[in-house]
Amino acid sequence: MTTFATISNSTARRAITILGAGHIGFAMALLLQQSGDYDILVADRDPARLAEVAALGISTRLVTDDASLQAAIDRRFAVLNALPFHRAVPVATLCARAGVHYFDLTEDVASTQAIRALAANAPSVLMPQCGLAPGFIGVVGNDLARRFDTLNTLSMRVGALPRYPQGALRYNLTWSTEGLINEYCNPCEAIVDGVRTTVPALEGLETFALDGVEYEAFNTSGGLGTLTETLAGKARQVDYQSIRYPGHNAILKLLLNDLRLRDRRDLLKDILETAIPTTDQDVIVVFATASGLKGGRLVQDSYSARIMGTKLAGHTLSAIQLTTAAGICTALDLVAAGRLPQCGFVGQESVALPDFLANRFGAAYATEGELVL
């Protein structure tokens, strides 16, 4: 059991808005409510989802148009965007105009690039990609990279997996289906032979064992965030892959390539959500490894973690809820405490791994059992 201290530099409760009352938005609201340091408003267009949040004693607002969305943003300290990826740029634009700090969870590369352009003259922080991957894995990768005098390779692997896999896919839906399809279909950023480039999704298949469990991993889009830009000219090889149980990749290639469902993403989304159940019994697997020169010697350094779900204030949070919500809440906390830049674009590389893990929310990545904030 871990107890988390409150922010020490301010006695005032910061007014923040969470956009989206789904599984992740609910987890974000719960974490922030339990900290006691934030005045929270949760906005969504779904009254049923808002009712679940309201049952926590948190203020809610029904958002049905641009005017009601603007009202939910104006005069807030920060907005945490848990809406689908295609809403990232419109919401970030409103926040930049209003001078409100902006955080999101998007894995969409194009959205992040557009938000970075918006941030050039923004008076507030625009910080996308604050979840698990992209997000925490970028913090880990950058920390590993900084340990070397000369970095040769940096490989990052992350999986959100069912603890009790069933069926041929050996997979359950644990987060946004739209985001999952994006990862499986879009080009993947990488550094290959020292050059920033893109590689195809689903390729680069590899197998490995971690703590006695066999996995496969393959290229997926968006997980690196802005790390390829940060490490351009400093590394020979940098890549990101999603972890799955063996056999998953072959079935995906059948669906996306042979049956051409990559060209019919709405149909693929319907198939996945109809055929694959969701689960709260999941596990997050994080594995990153780097090699290079340190003190004139060729060495390797690694980071690994397995994170389960938890209970907080009587509510069960799945592993993906916990890690994703903890990532964006940590980013908010660090900005609120003045530990990160106070305006413009902020990438995950700006967050030091020790600062992340020492934060009351980030500590969830190393905490077992029930959280106490």
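## Cysteines

The sulfur of Cys130 lies 10 Å from the closest cysteine sulfur, that of Cys329, which is too far for a bond. A disulfide would need the two sulfur atoms within 2.5 Å. This is a predicted model. By that cut-off, the count is 0 disulfides. Cys95 is in no disulfide either; the nearest cysteine sulfur belongs to Cys130, 12 Å away.

Buried or exposed: what is Cys95? Cys95 has 0% relative accessibility, so it counts as buried. Cys130 has 1%, so it counts as buried too. The cut-off for buried is under 20% relative accessible area.

## Helix H1

Helix H1 covers residues 23–35. At 1.5 Å a residue, its 13 residues should span 18 Å. The end C-alpha atoms are 19 Å apart, which agrees.

How much of H1 is buried? The count is 10 of the 13 residues, so the helix is largely enclosed by the rest of the structure. The buried residues are Ile24, Gly25, Phe26, Ala27, Met28, Ala29, Leu30, Leu31, Leu32 and Ser35. Gly36 follows H1 and has a positive phi, near 80°.

## Helix H9

Helix H9 runs over residues 248–258. Its buried residues include His248, Asn249, Leu252, Leu255 and Leu256. They cover an arc of only 130° around the axis, so they sit on the same side of H9. The face turned away from that buried side carries Ala250 and Asp258, both exposed.

What covers the buried residues of H9? The cover includes two helices, H7 (177–185) and H10 (265–275). It also includes two strands, S12 (213–219) and S13 (237–244). Just after H9, Arg260 takes a positive phi of about 60°.

Strand S14 spans residues 282–294, and strand S15 spans residues 297–308. In which sense do they pair, parallel or antiparallel? The pairing is antiparallel, over 12 bridges.

The hairpin has 2 residues between the strands. Gly295 takes a positive phi there, near 65°.

Technical notes: Residues are numbered from 1 along each chain as its sequence is written. This is a predicted model: local features need pLDDT of at least 70, side-chain atom pairs count only at pLDDT 80 or more; totals for chains, interfaces and linings use all residues. Side-chain values use heavy atoms; hydrogens and water are left out. Helices (H or I, at least four residues) and strands (E, at least two) are DSSP runs, numbered from the N terminus. The expected span of a helix is 1.5 Å times one less than its number of residues. Buried means under 20% relative accessible area, exposed over 50%, partly exposed in between (1.4 Å probe, protein chains only). Two strands pair if DSSP finds at least two bridges between them. The arc is that of the directions from the helix axis to the C-beta atoms. Contact means heavy atoms within 4.5 Å.
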